[in-house]
Each structure stands twice: as C-alpha cells, then as structure tokens.
There are 2 protein chains.
Amino acid sequence: MIYKRVALIGLGLIASSMAHAMRAQGLAGEIVGYAKSPETRAVAKELFCDRVTATAAEAVTGADLVVLAVPVGAMGAIAEEIAPHLAPGATVTDVGSVKQSVVDAVAPHIPAGVHFIPGHPLAGTEYSGPRSGFATLFQNRWWLLTPAPGVDGAALDRLRSLLTGMGANVDEMDVEHHDLVLAVVSHTPHLIAYTMVGVADHMRRVSSQEVIKYSASGFRDFTRIAASDPTMWRDVFLTNKDAVLDILGRFAEELFVLQRAIRMGDGEHLHAYFTRTRAIRRGIIEAGQDTAAPDFGRAATPPKEA
Amino acid sequence: MIYKRVALIGLGLIASSMAHAMRAQGLAGEIVGYAKSPETRAVAKELFCDRVTATAAEAVTGADLVVLAVPVGAMGAIAEEIAPHLAPGATVTDVGSVKQSVVDAVAPHIPAGVHFIPGHPLAGTEYSGPRSGFATLFQNRWWLLTPAPGVDGAALDRLRSLLTGMGANVDEMDVEHHDLVLAVVSHTPHLIAYTMVGVADHMRRVSSQEVIKYSASGFRDFTRIAASDPTMWRDVFLTNKDAVLDILGRFAEELFVLQRAIRMGDGEHLHAYFTRTRAIRRGIIEAGQDTAAPDFGRAATPPKEA
C-alpha cells in the first residue's frame, strides 16, 4: 500500500481506471470518490470506490493523495473549494492534458505543507464516464509529471511509486515544454481529426452512409480520435491556445506546400516527403508504443465491448 | 475454382494477399506472377506464385483473369504492353486507388472480346512488397468495382464471385463518384497525416525522440497512415488531383474556422463541433468497420510481426 486514502475528484475514464488499477495492485487503503453528478457517484460506488461523498471537501478530508481528474477548465474552482480541507503533508496531483493553465489555476490555492505535483497520463480511449475505466489503461504508457523546482523529494518518489505500480512509465519535464510537446503529439492531431470528420459530415455529394461504409482506408483512424470527450477537448484547446495555434500555423504552411505540389504535378516532391515520414513510424513501433500487426492489430469484426 | 489461370501483374501487398487468399479458398487453378524486379519475382515464386515470368506479356498469355496491381501511374504502359497477348474472353481488372485515370489509361488498349472491369479493394496495411501479403487482408473489407455501362454480365458475376470468395464485400459505383468518395475517406486523410508527421519532424524545440516516445495520444494513428507506400500515394495524389484539391480546400476552410474559435476563446463553438463528430464514429463501429475494444484493440506491447 502506497497511500492510505486516495481521493478521486472527478470520476471519468482516467479516475475510474486509476481506481481499478490501484485495487488490482493493492496500492491504496481506501478510495474515496467525488463527482458533481449523483448518478456518476452511484456508478462509482458500485464499481470501484469504497466510499463516495456529496462534496469535494468531504472527499479530500484525511486523504494523503488527492487526484484532480476534472476537465482542465474546472481545476481552479475545485482547488479553491478543497484547499481548506487538505491534510498537512498530503499530495495533490492532477491528470489534465495541459499543464501551465492547471498550475496557474491550482497552485495559488495549495496551502503550505501540501505538495502539489502536476501530472498527465498519456493514455485514453474514445470512451468517457465512470463505466469506461479498466485496470490496464496505463500499462506501458507514459505518465508525465511537471513538478516545480524544489518540490519535496519524498512526496515525488511516493507518487512515482503509485504510477509505476499502475504500470505506467514516468517521465518529468518542465511545464512549458510539456504543453508544446503535447500540442505536437496530441492536441493538434486531435483538432485536425475533428476537422476532417467535420468536412466529411458536410459533404452533400458523398452520403454519411458512404463515409461510414468505406471508412477503413484512413478515415477510420480520424473518427476514432474525433470521438473523444468534447468537454475535455474544448478545455484543452482553450487552455493550450498559444502552442496549438503555433503548431496549427506550421501545419497550414506545410499543407499548402504539399497542396501546391499536387496542383503542379510535382511527383518528386511528394515522393520524397512521403518517404521521410516512414522513418518516424518505424521509431514508434520500435519504442513499443504501437503494434506492427497486420491491419493495425484490429479484428475484422468488432469484439464485444470490454 | 473460379478462374483457371490468374495473372498477377505487380507483386506487392495487394497481389500477394490475393494469391494467398485464392490459394486458401481454392479459387484459381494456376497463379502466374510478373514484377519488374527479379528479386520480387523470386520471393513470389517461393511464397505464393505457381510460376513467374520475365515479362508481363508472357504472364497474361492464356490467363482468364489478369489483375493489374502496379502503382496507378504505371497502369497505362503495362496495359499497352500486355494488350496483344490477352486471351479472347479474358477479364482484366485492376486494384488502383483511383479509377478515372486508370480507366483513361487502360481502356483504350483493351481489345474487343476482353472484359475490362476496374476495381479497388479498400484494404491495406502500412507494409508493402511481396512478403507483406496475407490471406485474410480482404476479410469483411469493401471491394469497389466501377464497371462501364454495358459490361458483360457473366464476366462481372464471375469476378464478383472471386472477390467474395476472398472474403470481401463487393459494391459497384460509377467512376467519378468513386474518386470523390475516396478523396474524402482516404486520399485527403492520408495527405493530412503525412503533413502532420512532417510538421513534427521539422520541430526544433521538440525532439523526434520525444515525438516517438509520447506518440500514444493521437499522433500514433497519423504515423501509421503516413507510413504507407510512397510511390503508390504519390500516384494517387497526382491522378486524383481535382477531387483531392476540392476536399483539401474545404478542409482548410473548416480548419480556419476552428482555429479562429480557439483564438477567440469560443468554447461553445468547439464543444458543439466536437459533439457532432462523435455520431459518425458510432456509425462506423455499428457498421463493423472497426473495433470498440479499449485502447483501440491494440496490445500494450507489440506482438511479433505476422
């Protein structure tokens, strides 16, 4: 057991997966949950929480680890609400996809003697809500921490033990760099996927029935990305605005160069570009972050939902 | 057995998968192969062809089905070369991702009494070459045919039997509509994925090591798409230019609207947009074209290559 009492604030995909993983590995003595919706709390009580509470303040009382797992835009208000109830020596972490705005919103509320260690698990599915969690979500996935300089070393080590205990690989980086890296590997790709799915949805000469039927050749991967939780992603784009707009600008430039090559019939340019992008892919497979199985490791017919 | 002798012209992923599937199901009496490269022919002879030939003309001699499985840009020259050697009553089909340019390049060479039925299997992996094929590639995938009006009904039925025998679902549509639909569900998504991977590759403040490590959150799906065969995709963009440029124009407009919403902090617009895109995704899962398994049905660690 690494923490005696863990309080989960927000009970969606990430929090419910953490609860399942902590139970499976015996990492927490008691798991207490809070969510705004009574229905969500009831599901959490049934599936993975020892106890749920009607307020966030109650949930964090006596907890030695508090996990903020609400959308990034809601972090500040919840931090203000729980701050007076945090136990001395407790650790507060979060699982938000953007770190600077969470630090700005949460850190001012954290009392002296409580350790705030911002975090971000790079793991997810297209599903959300308290029924979507499962114990192996973090297995072999990265969990990034962005601790402030001078953070308590023992508190940091203890949190790292919890995360690796749930199967994650832990890395540390500074807040600003985190937000730029994520804008590249996650936020901008998501926006682009949303956009492409939106374009398909607006076409009149191609029916959505056709789009759905023939999705296997590329579009399918975009729809999977574009099915993620709308509230979470709205908050990501609003709070990591500068980095996302920077990468989007570069993307538009690059796209226009390829678009021009198509218009001009410049096959050499296209071939050279497409050859370069293969190398990155090989690196990802070698790094163990994807499978090389035929048809992307997917069954031809969908299995039952887990 | 549906055809006595099948000639495969070009011996990459699609042709080798066809050979494996035809063998597994006993659909062809003899499978003859031709590829430009002697190395490729040697691999094909070893793995899936009864016989390989040093010229395309030899391969098609006496065949009752000829499959053109070379890049779209090479179809015209090969059709011209084989035309004098085609057996009366034979069927010629192709597997190109673009249909209008193939029809324009191939149809003029087809002699009277030979049936030309253009086709396109919506199936693939990120791998290419004669070693990449496997018998189940077409299982539950669409195979689109774009026969000219007045095509021989018996020849069409016979080809359909071969394709369904390999596990594919067959649909017919007209040539122009095919190219527009594919621009939406496949060609433009591929170009966008190539672009995003290129942007990541050019960043100076984010190392390619970081991009590779943290790819799991969205970017990974782009790299998979962007690892496809460069020659094939160059030809797709050069030959389906008009439809791709049309969809790219719509995509850029749509992206700019979302970009502006981010800049202006318009959370309502973003949330409404992201909510709409979820519906298409649900449709794709219901249509059996993807799995709903957690983490997209992928193992956390890569299995051995098949």
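Which residues does Cys49(A) touch, not counting residues up to four places away in sequence? In this predicted model, Cys49(A) lies in the loop that links α2 (38-47) to β3 (51-52) of chain A. With residues up to four places away in sequence left out, the residues touched by Cys49(A) are Ala19(A), Ile31(A), Val32(A), Gly33(A) and Ala44(A). Cys49(A) counts as buried because 27 C-beta neighbours fall inside 10 Å, the cut-off for a buried residue being 20 or more within that distance. Between Cys49(A) and Arg23(A) the C-alpha to C-alpha distance is 9.6 Å, at a sequence separation of 26 residues.

Strand β4 (residues 65-68) of chain A pairs with two other strands, β1(A) and β5(A). Strands of a sheet pair through backbone hydrogen bonds, in either the parallel or the antiparallel sense. The pairing of β4(A) with strand β1 (residues 3-9) of chain A is parallel and spans four bridges. Within this pair, Leu65(A) of β4(A) has Val6(A) opposite. Strand β5 (residues 91-94) of chain A also runs parallel to β4(A), and four bridges join them. Here Leu68(A) has Asp94(A) of β5(A) as its bridge partner.

In chain B, three strands make up an open sheet of mixed pairing, in the order β7-β8-β9. Its edge strands, β7 (119-121) and β9 (169-172) of chain B, each pair on one side only. From one strand to the next, the twist averages 20°. Strand β8 (residues 142-145) of chain B runs antiparallel to β7(B), to which three bridges join it. In this pair, Trp143(B) of β8(B) stands opposite Pro121(B).

The contact between the chains involves 104 residues of chain A and 103 residues of chain B. On the side of chain A that touches chain B, two or more residues come from each of α7 (175-202), α8 (208-213), α9 (219-225), α10 (230-239), α11 (241-264) and α12 (267-286) of chain A. The largest share, 18 residues, is given by α7(A). By residue type, this side of chain A comprises 55 nonpolar, 28 polar and 21 charged residues.

Conventions. Residues numbered from 1 in each chain as written. Chains lettered and ligands numbered in written order. Predicted model: local features only at pLDDT ≥ 70, side-chain atom pairs only at ≥ 80, totals over all residues. Contact = placed C-beta atoms within 7 Å. Nonpolar A, V, L, I, M, F, W, Y, C, P; charged D, E, K, R; others polar. Buried ≥ 20, exposed ≤ 12 C-beta atoms within 10 Å, placed from the backbone. Pairing = 2+ DSSP bridges. Axes fitted to C-alpha atoms, helices over the stretch in contact; angles between N-to-C directions.
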